[in-house]
Amino acid sequence: MTKKLLLGAEAIGQGAIDGGMSGVYAYPGTPSTEITEYVQENTVAKERNIHREWSANEKTAMEAGLGMSYAGKRAMVCMKHVGLNVAADAFVNSAITGVNGGLIVTVADDPSMHSSQNEQDSRFYGKFSMLPILEPSNQQEAYEMARTGFELSEKLGVPVLLRITTRLAHSRAGVETVEPMPENTGSLPKDPRQFVLLPAIARKRYAGLLEKQDSFRESAEKASFNQYFDGEDKSLGIICCGITYNYLKENYPEECPYPHVKLSQYPLPEDMLKKLEEQVDEILVLEEGYPLVEEMLSGFFCRGRRILGRLDGTLPRMGELNPDHVANALGIKVKKGEKAPEVIANRPPALCKGCSHHDTYKALNLVMEPFGDGHVFSDIGCYTLGALPPYSSINSCVDMGASITMAKGAADAGLFPSVAVIGDSTFTHSGMTGLLDAVNEKTPITVLICDNESVSMTGGQDSAALGKIESICLGLGVDPDHLHTIEAHPKNHDKLVELLDREVNYEGVSVIVPRRECIQKAARRIRAEKMKSEQNA
Amino acid sequence: MKCDIVLAGVGGQGILSIAAVLGMAAVENDLYLKQAETHGMSQRGGAVQSYLRLSDNPIYSDLIPAGEADIILSVEPMESLRYLPFLSKKGYVVTNTTPFVNIPNYPELDKVLGEVKKQPHHIAIDADKVAKEVGNSRASNMVMLGAASPFIDIPFELIEDGIRKIFTRKGEAIVNLNLEALRAGRKFAEANR
Ligand SMILES: Cc1ncc(C[n+]2csc(CCOP(=O)(O)OP(=O)(O)O)c2C)c(N)n1
Ligand code: SF4
C-alpha cells in the first residue's frame with residue numbers, strides 16, 4: 001500500500017487504473033478534466049497502453065466507452081455535468097443495453113457554477129436511467145469507487161454512474177492505493193442481441209432493467225459506502241449524501257448526537273432509511289446539488305414526517321453547501337470573521353495579454369458597429385470572455401455549438417447580419433452539424449472559427465480540430481470563395497476588418513478562421529521543448 | 001496541531017506552488033492534509049484561492065469554516081482582504097505588498113495597505129523586491145511562504161525539504177534560490193511580527 005497526495009479527480013484516475021481499466025474516454029470540462037489528464041501522465045497507463053486520448057465530444061466518448069465494454073474490457077467515460085446532456089442519448093440507452101466489460105460513467109457536477117452555465121445534478125440522470133449511482137464522500141472513497149466500480153458494473157450488468165462535485169474533484173488529500181488489477185482479456189457479449197435495441201428486443205431488455213432494480217437496491221443496502229450511525233437524540237435524523245457527510249463531521253468531530261445515514265451509493269437503501277425514519281421526529285437531508293433525496297422523501301402533500309433541507313429553507317436552495325450552512329441548519333453557532341472591507345474591487349477573469357481572441361474582437365467590434373448591438377452569437381471557451389468589457393461583443397453563450405445554430409435561427413427570422421463566434425474545439429465538438437444545416441439552406445450567416453489550436457478554457461488540451469478546420473468546412477460544402485484563414489495578429493488588424501466587412505455583408509454562408517496559437521499553450525510547449533533539449537544535452 | 005490557511009492570489013500567480021511545498025512538508029511530517037484549489041474559469045486572471053488544512057487529526061471538510069483560518073497567505077495585497085471573513089480573531093494576515101493590477105478599477109494601493117495594517121496580526125512584505133534581492137523575482141511565492149512559516153507549526157527544515165523535493169527537477173541552482181527566498185521571507189517576518 002502506498003500513500004499519494006491526490007486531487008479527488010486524480011484519485012478517480014488512479015482508482016480506474018488500479019481497477020483494471022483498459023480505456024478512458026472523455027472530453028475536457030471543469031471539474032472533470034484532471035481525471036483523464038492523470039491517466040495520460042501515469043506510468044502504468046503508458047506501459048499498459050491504456051486508451052487515454054481525448055474524444056471529440058462527450059457523446060463520442062460515451063459511445064466509445066460502451067464499445068469497449070461490448071468487447072469485454074473495462075472502460076471509464078468522464079465529463080462535466082453539462083457534458084452528460086450531450087451524451088444523454090447514449091447514456092440513457094446504455095442502461096437498456098447493459099454492459100459486458102465494466103463501465104463507469106464519471107460525471108463531475110459544478111454546484112455554485114464556478115465554471116459552468118448551470119448547476120444541474122447528474123444524480124437525476126442516474127435515477128432517470130434507473131442506474132446505480134456512486135457518490136464518494138472523500139478522496140479515498142473516490143479512489144475505492146473507481147477501483148471497485150468496474151466489478152460492480154459487471155456484477156449488476158449495467159453502467160455505473162460515479163458522481164462527484166467541484167469540491168471533491170479539486171481538493172487534494174492523502175490516498176492509500178493498492179497494486180493494479182489486471183485488465184480483462186476481452187470477450188464478446190454472451191447474448192449476441194444484447195446491444196441491438198430494436199423495439200422487440202429493447203422491450204425485453206427494459207423489462208430486465210426493471211427487474212434488476214431490486215438487486216441494485218440490495219447492493220446499496222449492503223454497500224460499505226453506506227452506513228447507519230445511531231445517536232442518542234432522536235428529535236432529528238440526518239441523511240448525508242456524498243461530501244456533505246464531511247460537513248456534518250466538521251461540526252461534530254467527536255460524535256454526532258443524532259442518528260444519521262452516510263449515503264454514497266444509490267438507489268436509496270430503503271431499509272436503512274426506514275430504520276432512521278422509525279427512530280426520529282424530523283429528517284434533515286444534506287445533499288450537494290438539487291434536492292433529489294429530499295424531494296423523494298417529502299412526497300407531494302408533505303404529510304407525515306417533516307423533511308428538512310433545501311426545499312423548506314433550512315438550507316440554501318441553490319449553490320454548494322459548506323460547513324457553516326450545515327451548522328446553521330443544526331442550530332450550531334457559527335463563528336464570524338471580519339467583514340471584507342469595501343475597498344476591494346471585483347476581479348473577474350479576462351483574456352490573457354496577447355491572446356489572439358483580442359485581435360478577433362477588436363476587428364469584429366469595428367465591423368459590427370454600424371449594425372448596432374445584438375447580432376453576434378457566441379459559444380463556450382476563452383473567447384466567451386468577449387462578453388465582458390472592454391469588448392462586450394457577444395450576445396449569447398448557451399451550450400457548446402449553439403452559436404452557429406442560433407445565428408442560423410436568427411437569420412431565418414430575418415436578423416441580418418447574423419454572426420457566430422466559435423472556438424476550434426467547440427466547432428468540432430458540436431459546431432459542424434449546425435454549419436451543415438446552414439450550408440444546405442444557404443442561410444446568410446458569417447461564422448468566425450477562432451482557431452487557437454488548443455482547448456484553452458480547460459487548460460490547453462490538444463484540440464481534435466487541429467489542422468482540419470478548412471477541410472471540414474469545405475467537406476461540409478462551404479463555398480471556397482467564402483472560406484478565409486487569417487493570422488489573428490495586431491499586424492493583420494486592417495486586413496481582418498476588411499475581410500469581415502466583406503463577408504458579414506455577403507448573403508450566404510461564409511466562414512472566417514482567425515488563427516494563432518493560444519499564448520499559454522505556446523509558452524507551455526516552449527518550456528517543455530526547452531526541458532527536453534536540456535535533458536538530451 | 002491544526003493549521004487552516006487560505007492561500008490567495010490572482011489566476012496565473014502560481015499560489016499552488018506554495019501549497020505543493022507545504023503539502024510535501026505535511027506528508028513528510030505525517031500530518032493529515034486537505035487542500036481545495038480553484039481550477040477553471042477564474043484561472044484566467046480572476047481572483048483565486050486555495051484552502052489548505054493541516055492537522056494531526058483526521059480532517060473532514062475540504063472547506064474552511066468562517067472565522068477559523070489561522071493564516072491568510074496572499075501573494076497580492078487586495079486579495080488578502082477578500083478572505084477576511086474566514087480569518088479567526090487570533091489569525092495572521094501575511095501578504096505581499098506588490099499589487100497585481102489587471103482591472104481598471106483597482107483601488108488606491110494606500111487604502112488597500114491601510115486595511116491590511118488595521119489587522120491586529122499582519123505581515124506586509126514586498127516579496128517581489130525581496131525575491132529580486134535574492135536573485136530571481138520569480139521566487140516571490142517562496143518569500144511569501146517563508147514569511148508565513150513562523151506561524152505554521154511544521155519544523156522549518158521540513159519546509160526546506162519540501163522545496164528541495166518540489167524543485168529538484170529544475171536543478172540545484174533553482175533549489176538554492178528558492179531556499180534563499182524562503183529564508184529571506186522568514187527573516188523578515190521574525191523581525192516584523
Ligand atoms: C458540453 C460541454 N462540454 C465541455 C465543456 C467545457 N468547456 C468549456 S469551454 C471548453 C473549451 C473550448 O475550447 P475552444 O472552443 O477551442 O475555445 P478556447 O477556450 O480554446 O478559446 C470546454 C471543453 C462545456 N462547457 N460544455
Ligand atoms: S488561455 Fe489562451 S485562449 Fe485563453 S485567454 Fe489565455 S491566451 Fe487566450
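Trainee: By class, how many nonpolar, polar and charged residues are in the shell around ligand 2?

Mentor: The shell around ligand 2 has 6 nonpolar, 4 polar and 1 charged residues, where Ala, Val, Leu, Ile, Met, Phe, Trp, Tyr, Cys and Pro count as nonpolar, Asp, Glu, Lys and Arg as charged, and the others, Gly among them, as polar. Before we go on, this is a predicted model, in which local features need pLDDT of at least 70 and side-chain atom pairs count only at pLDDT 80 or more, while totals for chains, interfaces and linings use all residues. Residues are numbered from 1 along each chain as its sequence is written, chains are lettered from A and ligands numbered from 1 in the order in which they are written, and side-chain values use heavy atoms, with hydrogens and water left out.

Trainee: Why is the site of ligand 2 shared between chains?

Mentor: The site is shared because residues from chains A and B surround ligand 2; a residue is taken as near a molecule or strand if one of its heavy atoms lies within 4 Å of it. Arg44(B) is part of that surround, and from chain A it includes Cys352(A), Cys355(A), His357(A), Cys382(A) and Asn452(A).

Trainee: And ligand 1, which residues are closest there?

Mentor: Of the 25 residues that surround ligand 1, the closest are Glu58(A), His357(A), Cys382(A), Asp424(A) and Thr426(A). Oxygen atoms of ligand 1 lie 2.8 Å from a side-chain N or O atom of His357(A), 2.7 Å from a polar side-chain atom of Asp424(A) and 2.9 Å from one of Asn452(A).

Trainee: Switching to the interface, how many residues of chain B are in contact with chain A?

Mentor: There are 46 residues of chain B in contact with 44 of chain A, contact meaning heavy atoms within 4.5 Å. The area buried between the two chains is about 3,900 Å², with carbon and sulfur atoms giving 57% of it; buried area is the accessible area (1.4 Å probe) that two parts lose on being put together, summed over both. Met41(B), Arg44(B) and Tyr60(B) supply 22% of the area that chain B buries against chain A, more than any other three residues.

Trainee: How many salt bridges cross it?

Mentor: The rule, a side-chain nitrogen of Lys or Arg within 4 Å of a carboxyl oxygen of Asp or Glu, finds 5 across the interface of chain B and chain A. Glu37(B) forms a salt bridge with Arg172(A), with the closest N and O atoms 2.9 Å apart. By class, the side of chain B that touches chain A has 21 nonpolar, 12 polar and 13 charged residues.

Trainee: In which sense does strand β7 of chain A pair with β2(B)?

Mentor: Strand β7 (residues 171-177) of chain A and β2(B) pair in the antiparallel sense over 3 bridges, pairing requiring that DSSP finds at least two bridges between two strands. Ser171(A) stands opposite Ala36(B) in β2(B). Helices (H or I, at least four residues) and strands (E, at least two) are DSSP runs, numbered from the N terminus.

Trainee: Where should I check the backbone?

Mentor: Most residues other than glycine have a negative phi, and most peptide bonds are trans. Here the bond from Thr30(A) to Pro31(A) is cis, with omega near 5°, and a cis peptide bond also joins Tyr266(A) and Pro267(A), with omega about 10°. Asp30(B), which is not a glycine, has a positive phi of about 60°, and Asp30(B) is found in the loop between α1 and β2 of chain B.

Technical notes:
A polar contact is a pair of N or O atoms within 3.5 Å; within protein, one must be able to donate a hydrogen and the other to accept it, and residues adjacent in sequence count only if both atoms are side-chain atoms.
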